[in-house]
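Dear colleague,

I am handing over the structure below, together with some notes on what was found in it. Please read the notes with the structure open beside them.

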Amino acid sequence: MSEKHLKDHREIGRKLDLFSFHEYAPGAIFWHPKGWIIYQTLVNFIRKRSKAEGYLEISTPVMVKSLLYKNSGHWQHFGENIFNLKVDGEDYSLKPMNCPESTIIYGSKIRSYNDLPIKLSEFGILHRKELSGVLGGALRVRQFVIDDAHLFVRPDQIQQEIHKLLILTIEVYKSLNFKPRFYLATRPDKAMGDEITWKQAESDLEKALKKAKVKYDIKPKDGAFYGPKIDIHIKDSQDRDWQLATIQLDFQIPKSMRLTYVDKDGSKKEPVMIHQGIFGSLERFIGIITEHFQGAFPVWLSPIQVIVVPISDKFTDYAQKVASDIISNSIRCEVNIRNNTLPAKIRDATLQKIPYICVVGQKEANSNKVSVRKLTGENLGGIQNKKFIQRIKNEIANKT
Ligand SMILES: [Zn+2]
């Protein structure tokens, strides 16, 4: 692919009718039906994986009293990024992170040592201040959702849980064909808590990285204010480097939010919190993969996976029957019955980046077949309808 043909995600989003931006809401995205399919497909993918790993999904308020962030420590360390407003004379904020709110749910009842780890996931809407000058399509927004999760663990569970997270992250990226690279980000100058706790946390993360047998580099002083973290980067098709996932260890917020669990001996102990996001901001992630794939998404993510094209209106009925069979197999399929020539219809499907084009005429109608061509131009010839449907189902299941 030559440099000059590469398109920006905003242009691809407009051409493929995925999403748009409007001056009514700078830094926020209007998701069109097709873009929202991609969004929901990614959310459901993470949801399914998380459920299998024992995560419990929660949802917490977007607008809360600023006092919560003052108590959690975010106000002091992150305050310049928070949107504030007055309601009935009181200070409120739009939540910039889900962490403090997830601690409210953790703290809503007494937790015992054998309840831990408790893993709470949330797709909460977040707002962070970005200057209007630096807003850049989906890559830098004011409103976004992170595939967020907070794990509340005992100190003796840290390494095992971090290890599981590293494996999960590697697997998720593999299904998108990305090879992750790892960084350990250490104590920043502006940090909460004492140095001994920080050293312990850094060493816990380092051990987990070694156990997962991944190579990593150090990002000195690049940790969060509440703890060190593992940043996970990928390279896209244009060889650009992106930081997506993070795994953060946190001894501070449990302290500031006074979280406890009852230990074996009946004494109250403080849990450790692990912050986790695999894709990071979904808005930014979709912006990145839109450019990475240049709109030609893999089948499982494509808003329209198959288009059926009759060679003339004589075959409209057969085309519609084929499409309804495909749709009843949970495959996203459309029929093009517009009064256009066949080459024009194929060109249109190609511009829409639809992975599979099924052409149907007399020969296909006689034999219950479709003539299949891929977006890449590859011609697969005539295939039995059932066989074709099975092929697509396999591709979706295997995320190829
Ligand atoms: Zn968090």
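Two strands count as paired if DSSP finds at least two bridges between them, and helices (H or I, at least four residues) and strands (E, at least two) are DSSP runs, numbered from the N terminus. This is a predicted model, in which local features need pLDDT of at least 70 and side-chain atom pairs count only at pLDDT 80 or more, while totals for chains, interfaces and linings use all residues. Residues are numbered from 1 along each chain as its sequence is written, and side-chain values use heavy atoms, with hydrogens and water left out.

On that basis, S5 and strand S6 (residues 90-94) pair in the antiparallel sense over four bridges, with Leu-85 standing opposite Tyr-92 in S6. These strands belong to an open sheet of three strands, in the order S4-S6-S5 and with antiparallel pairing; strand S4 (63-65) and strand S5 (84-87) are its edge strands, each pairing on one side only.

The structure also holds 26 salt bridges (a side-chain nitrogen of Lys or Arg within 4 Å of a carboxyl oxygen of Asp or Glu). One of them joins Lys-95 to Glu-101, whose closest N and O atoms are 3.6 Å apart, and both of these residues are buried, where buried means under 20% relative accessible area, exposed over 50%, and partly exposed in between (1.4 Å probe, protein chains only). In helix H6 (residues 158-174), Glu-161 and Lys-164 lie three residues apart, about one turn of the helix, and their side chains meet in a salt bridge (3.3 Å, N to O). Glu-161 counts as buried because its relative accessibility is 3%, whereas Lys-164, at 34%, counts as partly exposed.

With regards
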